[in-house]
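Please consult the structure as you read.

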Amino acid sequence: MQLKPRVRRPTGPDVRRRLIAASCALLGASAARSQAVAGSGPAPNTWSIDTALAYYHEDGRIQAIEPVVNVLKDFGDGETVGLNLTFDALSGASPNGALPSRNVQTFASPSGKNLTTPAKDYTTSPGQLPVDSHYHDQRLAGALDWQLPLTRVTQATLGGKMSYEHDFFSVSGNASIAEDFNEKNTTLSLGVNDEYDTLHPIGGTPVAASDYSLFDKTAGKTKNGAGVLLGVTQVMSRRWLSELNLSADRFTGYLNDPYKIISIIDAAGNTTGYEYERRPDERTRKSAYLENRVGWDRASAGLSLRYMTDDWQIHSETAQLHVRWWIDSQDKYFEPSLRWYRQTAADFYTPWISAANQSSTGYASSDSRLGAFHALTFGLKYGEKLADQGNSAGGEFSARIEYYQQVTDGHFNAPGSLQGLDLVPGLKAILLQIGWGF
């Protein structure tokens with residue numbers, strides 16, 4: 001029986017969101033310790049390499065290709081160095097935040113200066129969700145983690161990460177310490193993280209809440225995020241491992257999406273204009289995460305629950321279950337999974353702005369990622385152990401498929417001509433991934 005933690009990866013449509021790295025660093029340390037408890041993990045003074053190639057496709061929107069390489073060097077005695085390299089290539093159609101309309105709508109690409117330059121304009125047909133069909137982006141990220149023992153029962157982890165896109169640069173550092181108790185059946189962990197981002201939107205940074213037709217832009221912006229995570233891992237029995245994490249983080253600075261606008265409509269539902277969104281310049285989040293993993297001779301299962309709340313009045317709940325079955329020879333397995341997610345809307349989320357109240361809107365965003373919705377993800381993974389090669393331990397080949405469906409919650413009393421239109425459509429997506437480790 002093996003209680004081997006899974007690598008948790010972001011799922012869902014928000015492929016641009018970069019979560020704070022404090023929890024990642026600490027959970028990585030917990031994973032290594034959990035492997036040690038279960039008697040698994042790489043042999044001392046060896047190299048291990050894990051590679052994966054993922055393809056993500058949203059129905060009618062974004063698609064992404066992501067190759068990932070993880071390299072781990074185990075020096076023995078609990079000291080390891082890990083390197084992660086990730087490349088994302090995104091393309092497709094990205095919603096700009098405006099509402100569908102009964103009329104044709106014309107928008108400018110991010111680099112456009114007005115709505116009269118055809119080469120930089122795009123149009124949306126009546127009844128269709130406005131999207132920029134020429135959206136594309138690339139991201140290159142690298143992370144380095146060093147785990148070292150301070151004493152027989154104390155372990156420290158130091159790490160850093162850099163991420164680059166043509167309009168965004170991020171650098172972060174993290175540190176954590178873990179202490180074993182109770183004959184190494186209990187581990188307490190504390191981690192901290194700090195992240196600094198610079199943003200240089202294409203065409204300049206829009207002035208928040210300004211008239212879209214004026215294309216009022218400024219220079220680049222920055223934001224900073226700091227987080228802390230407290231965790232406890234408990235070996236409940238030979239076949240049961242439990243983990244609880246409490247975390248908090250705070251971001252300050254420019255938190256807008258510079259490419260999102262909001263429709264301004266009159267009492268008849270006609271679009272009279274647009275304005276750029278405006279979000280608060282700080283956000284504090286708190287979350288609790290609980291996971292239990294159990295194992296038997298030919299099967300193992302994991303159930304995780306997460307609750308998050310923030311001062312934007314977003315509350316979310318996540319539940320995820322995965323079960324792994326090994327076939328008779330114990331060299332192949334199938335792992336179905338199910339993930340459920342639900343969130344409430346930010347207090348400033350609004351699909352549109354009424355022309356009568358435009359002068360007193362304050363904070364406002366029509367970004368559906370800040371709205372109320374629930375989602376289900378169904379997944380299936382197949383894994384197969386690879387034969388040993390000489391003095392090298394065998395690796396593993398895996399293939400995974402996931403289907404994601406998001407449904408908007410809440411009812412919007414659309415006025416006049418907007419009635420009958422799907423103002424905030426849901427989303428369907430599929431993820432395919434193949435992996436090879438050795």
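**Strand pairing and burial**

Q: What makes β22 and β23 paired strands?
A: Strand β22 (residues 396-408) is joined to β23 by 11 bridges, and the two run antiparallel. Strands here are DSSP runs of E with at least two residues, numbered from the N terminus. Within this pair, Gln406 has Leu427 in β23 as its bridge partner.

The model is predicted, with local features requiring pLDDT of at least 70 and side-chain atom pairs pLDDT 80 or more, whereas totals for chains, interfaces and linings use all residues. Residues are numbered from 1 along each chain as its sequence is written, and side-chain values use heavy atoms, without hydrogens and water.

Q: Which strand is joined to β23 by nine bridges?
A: Strand β1 (residues 46-58) is joined to β23 in this way, running antiparallel. Tyr56 stands opposite Leu431 in β23.

Q: What makes the side chains of β23 alternating?
A: In β23 (residues 427-437), Leu427, Ala429, Leu431, Gln433, Gly435 and Gly437 point to one face and are buried (under 20% relative accessible area, 1.4 Å probe, protein chains only).

Q: Why are β15 and β20 at the edges?
A: The open sheet of three strands has the order β15-β14-β20, with mixed pairing. β15 (271-276) and β20 (352-354) each have a single partner strand, so one side of each lacks a neighbour in the sheet.

Q: In which sense do β14 and β20 pair?
A: Strand β14 (residues 261-265) pairs with β20 in the parallel sense over three bridges. Ile264 stands opposite Ile353 in β20.

Key:
Pairing = 2+ DSSP bridges. Helix = DSSP H or I, 4+ residues; strand = E, 2+ residues; numbered from the N terminus. Buried < 20%, exposed > 50% of the residue type's maximum accessible area, 1.4 Å probe, protein only.
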